[in-house]
Structures are given as structure tokens and as C-alpha cells.
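Student: I would like to learn how to read a model like this one. Where should I start?

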Amino acid sequence: GRKRAYSVDIRWRVVYQRIGLDLHFSAIAKRLNLATSTAHRIYQQFERTGGVESVHHRPRPEQRVLDEQTELAVIGLIMETPTLYLEELCKEVQFLTSIVVSPPTIC
């Protein structure tokens, strides 16, 4: 098995390619030379924690806070389209602000 964790850069690329490019895990794995299960596990970690840092090197979690501009974008989107699912809301926020946010951060 691997002796070193994948870099944070590679981990964020998995998240970007899944959310930003809407690629399937098999395509992401092929593009980044990872196992499909590894790409899936990294993305699951992102969904669960809002981060991608290696478990062994992760700093203590701190509460994530949206800046005022992003918070206003979230509120505006909710008011315009109250039926959006959280995942859709995250994608729209990213499209409008270029900031990747996770459902736990929005909640």
C-alpha cells in the first residue's frame, strides 16, 4: 500500500473535478492516476468534514464561517429558489462566488 498520504492539492482536485466538472469518480481517478475508491473516499471525507486534509495531519476542526458576501449570496439563492437541495445550493454558490462550500458550512 501507499506509505504517504496524497497531497492536499491532489485531494482538492478530486473535489473540484467532482463538483466543478461533474465528473464520475472513475474519470477523476483516471485523470489523477488514483484508484477509483481513493477518489471516492476523498470526496466522502470532503462531504463529511468540509475539508480534505489527511486524517493524520489534519488540524483541529474550527467552525467554518462564510464571509458576508458569500452569506448574502446563499440567502439570495434561498429566497429566489427555496426548493434547491443543499448540494445544488453549494454548486450555485460556487458558480456565483468561485468559493467551494459544503452543506455543513451552509447549515
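**Reading the fold**

Tutor: Start with the surface: the protein exposes about 7,800 Å², and carbon and sulfur atoms supply 52% of that area. Keep in mind that this is a predicted model.

Student: How many helices and strands are there in the protein?

Tutor: There are 6 helices and 0 strands. Along the sequence the pattern reads α-α-α-α-α-α. Buried residues make up 33% of the 107 residues. Of the contacts with a separation of 6 or more, 43% are between residues 24 or more positions apart.

Student: How do I read burial along a single helix?

Tutor: An α-helix has 3.6 residues a turn, so residues three or four places apart point the same way. Take α5, residues 86-97: its 12 residues reach 16 Å from the first C-alpha to the last, close to the 16 Å expected at 1.5 Å a residue.

Student: Which residues in α5 are buried?

Tutor: L89, C90, V93, Q94 and T97. Viewed down the axis of α5, the buried residues fall within an arc of 135°, so they line one face of the helix. On the other side, F95 and L96 are exposed.

Student: What do the buried residues of α5 pack against?

Tutor: They pack against α1 (8-19), α4 (68-80) and α6 (103-106). Just after α5, S98 takes a positive phi of about 60°.

Student: How should I look for a core?

Tutor: In soluble globular proteins, nonpolar side chains tend to be buried together. Here the largest nonpolar core has 14 residues, and those with the most contacts inside it are V14, V15, I28, L34, A39, Y43 and F46. At least two residues of this core come from each of α1, α2 (25-32) and α3 (36-49). A second, separate core has 8 residues, including L77, C90, V93 and V101.

Student: Which residues does A39 touch, not counting those up to four places away in sequence?

Tutor: A39 touches V14, F25, I28, A29 and L34.

Student: What about loops? Is S54 buried or exposed?

Tutor: S54 is found in the loop between α3 and α4. Its relative accessibility is 7%, so S54 counts as buried; the cut-off for buried is under 20%.

Student: Which residues does S54 touch, leaving out those up to four places away in sequence?

Tutor: With that exclusion, S54 touches A5 and R11. The C-alpha atoms of S54 and V8 are separated by 7.5 Å, although these residues are 46 residues apart along the chain.

Key
Residues numbered from 1 in each chain as written. Predicted model: local features only at pLDDT ≥ 70, side-chain atom pairs only at ≥ 80, totals over all residues. Heavy atoms only, no water. Helix = DSSP H or I, 4+ residues; strand = E, 2+ residues; numbered from the N terminus. Expected span 1.5 Å × (residues − 1). Buried < 20%, exposed > 50% of the residue type's maximum accessible area, 1.4 Å probe, protein only. Arc of directions from axis to C-beta. Contact = heavy atoms within 4.5 Å. Areas by Shrake-Rupley, 256 points an atom, 1.4 Å probe, with all protein chains shown as cover. Core = buried A, V, L, I, M, F, W, Y, C linked by side-chain atoms within 4.5 Å.
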